[in-house]
Amino acid sequence: MAANSFFGRDVISVRDLDRRGLEDVFGAAERVMAMPAAERREVARGRTLGYLFYEPSTRTRLSFQAAMASLGGSSLGISDVASSSASKGESLADTVRTLSIYADALVLRHPLDGSSRFAAEVSGKPVINGGSGTEEHPTQAVQDLFTMRREKGRIDGLTVGIIGDLKYGRTVYSLLRALGNYDVKVHLASPESLRIRSDSVYDIRKRLDFTESEQMDDRVGELDVLYVTRIQKERFPDEEEYIRVKGSYVVGLDVLRRMKKGAIILHPLPRLDEISPELDGTEQARYFRQAEYGMHVRAALLALILREEGV
Amino acid sequence: MRESELIVRRISEGTVIDHIDEGMGLRVLGALGIDGGDGGLTTVALNVPSGKFKKKDIIKIEDRFLADDDTNKLAVIAPRATVNIIRNYKLAEKRRVSLPNEIERIFRCSNPDCITNSGREHIESVMDVIDREVLALKCRYCGRILDVSGIGRAPAAAG
Ligand SMILES: Nc1ncnc2c1ncn2[C@@H]1O[C@H](COP(=O)(O)OP(=O)(O)OP(=O)(O)O)[C@@H](O)[C@H]1O
Ligand SMILES: [Mg+2]
Ligand SMILES: [Zn+2]
């Protein structure tokens with residue numbers, strides 16, 4: 001096997017992952033998934049993952065911890081910053097330096113843009129961005145693409161529809177950047193006030209063919225993948241506007257019936273009302289499988305970062 | 001001797017930054033981190049007549065020889081500046097400033113949610129120059145594009 005380019009490296013932005021890098025992670029994820037549990041537990045035996053979450057998270061943190069455990073390693077860290085010295089005003093830099101003494105790799109979630117890059121500069125150990133500011137969530141994007149590849153058999157040639165809050169959802173920016181490495185068609189639909197920020201997709205535009213509109217209705221039949229994101233209530237000036245907008249981005253059985261055969265529905269989760277629970281048992285609903293792949297993809301990434309020989 | 005040369009006295013050793021766009025002299029000092037704190041003698045001349053209708057700022061720093069690394073960051077705020085190294089009262093070297101690939105400190109990131117604006121961290125802004133023609137800079141941390149074309153020009157002067 002060729003040299004493992006992830007060894008000892010930070011994963012800060014999806015911009016640092018080209019097609020080759022993405023394929024390396026997908027390959028490692030396939031191998032990790034195929035391993036017998038006992039073999040998998042040897043991959044990172046005795047190694048420690050440090051996590052530092054300045055914002056709430058369920059899946060990202062749990063999937064990292066589960067991933068590390070599945071490789072035979074352990075995790076320690078801070079998931080509630082109010083209980084740490086950061087609440088006394090300790091800087092991010094000092095907190096990261098400290099955690100990097102006790103752990104072999106770090107995962108950080110922080111509300112400010114660029115926080116992970118800064119953390120990587122001060123950390124003595126590799127840093128993985130677990131979500132920073134409004135624009136970056138690289139491991140989610142890797143998970144999303146891996147899910148498409150597994151569930152649709154390929155990424156090239158797919159038509160992907162993305163609906164919901166495109167402005168504030170950091171998963172969307174990372175997903176679009178990652179999709180820019182493939183030959184895909186993308187249709188975006190969101191309320192006017194939640195359109196994607198044009199200055200943030202300035203460089204994506206050159207590499208990715210996408211359309212924007214307020215409705216997905218007339219495109220639903222073309223999609224191979226419908227990617228649904230959450231509309232956050234806090235983003236609206238008043239409740240009425242929220243209720244008005246929210247209703248038009250709910251995916252129910254009516255939408256599902258208009259989808260083409262073999263099409264799938266993804267969601268980064270958590271979900272509120274935007275996907276009706278009656279869809280959960282359908283063949284198209286793949287969002288819980290997506291969450292499961294998230295764990296394997298993160299295990300693959302950890303294995304590559306921690307082991308020179310890769311996996 | 002020309003009028004502009006009489007404004008500040010001759011120096012024996014040091015650096016003269018000439019042809020700074022009018023009004024940018026103090027920013028040049030800031031960018032170079034010169035605040036008089038090191039005790040060295042620095043003279044600043046603002047609005048020095050230059051040519052028929054134009055003005056410029058000049059800075060003379062005694063006993064310090066600025067290197068390219070220091071002066072190239074001036075390319076954005078004073079693109080026409082010349083850097084003159086003076087040794088034994090004579091002009092020993094004359095350089096133009098040229099745009100570096102990255103610029104530290106001078107520009108604040110325009111993104112209020114950028115880690116460089118957090119106030120709590122010990123961090124300096126770093127901008128990568130991504131387009132030399134239109135002078136587009138990109139924050140090394142958050143990726144925000146900063147359009148600074150125009151910043152280096154003096155306020156539109158007559159003539
Ligand atoms: N010994 C000195 N002490 C102080 N300033 C000096 C000294 N020698 C030259 N300078 C200044 O350095 C700058 C460059 O000097 P130079 O003799 O090259 O002038 P110039 O021919 O007008 O150059 P330019 O074409 O760059 O304007 C001028 O501003 C000049 O006043
Ligand atoms: Mg002259
Ligand atoms: Zn920034």
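Colleague: Which strands of chain A does helix α5 lie across, and at about what angle does α5 run to β4(A)?

Modeller: This is a predicted model, where local features need pLDDT of at least 70, side-chain atom pairs count only at pLDDT 80 or more, and totals for chains, interfaces and linings use all residues. Residues are numbered from 1 along each chain as its sequence is written, and chains are lettered from A and ligands numbered from 1 in the order in which they are written. Helices (H or I, at least four residues) and strands (E, at least two) are DSSP runs numbered from the N terminus; angles run from 0 to 180 degrees between N-to-C directions of axes, which are lines fitted to C-alpha atoms, for helices over the stretch in contact (C-beta atoms, placed from the backbone, within 7 Å). Helix α5 (residues 115-122) lies across β3 and β4 of chain A, and its angle to β4(A) is about 160°.

Colleague: Why is one side of β2 and of β4 in chain A left without a neighbour in the sheet?

Modeller: Two strands pair if DSSP finds at least two bridges between them. The open sheet has 4 strands in parallel pairing, in the order β2-β1-β3-β4 (chain A). β2 (74-78) and β4 stand at its edges, so each has a single partner strand.

Colleague: Which residue of β4(A) is the bridge partner of V107(A)?

Modeller: Strand β3 (residues 105-110) of chain A runs parallel to β4(A), joined by 4 bridges. In β4(A), the partner of V107(A) is I128(A).

Colleague: What distance separates the centres of domain 1 and domain 2 of chain A?

Modeller: Domain bounds come from an automatic or database assignment, which gives domain 1 (14-137 + 292-306) and domain 2 (138-287) in chain A. Taken over C-alpha atoms, the centres are separated by 25 Å.

Notes. Contact = placed C-beta atoms within 7 Å.
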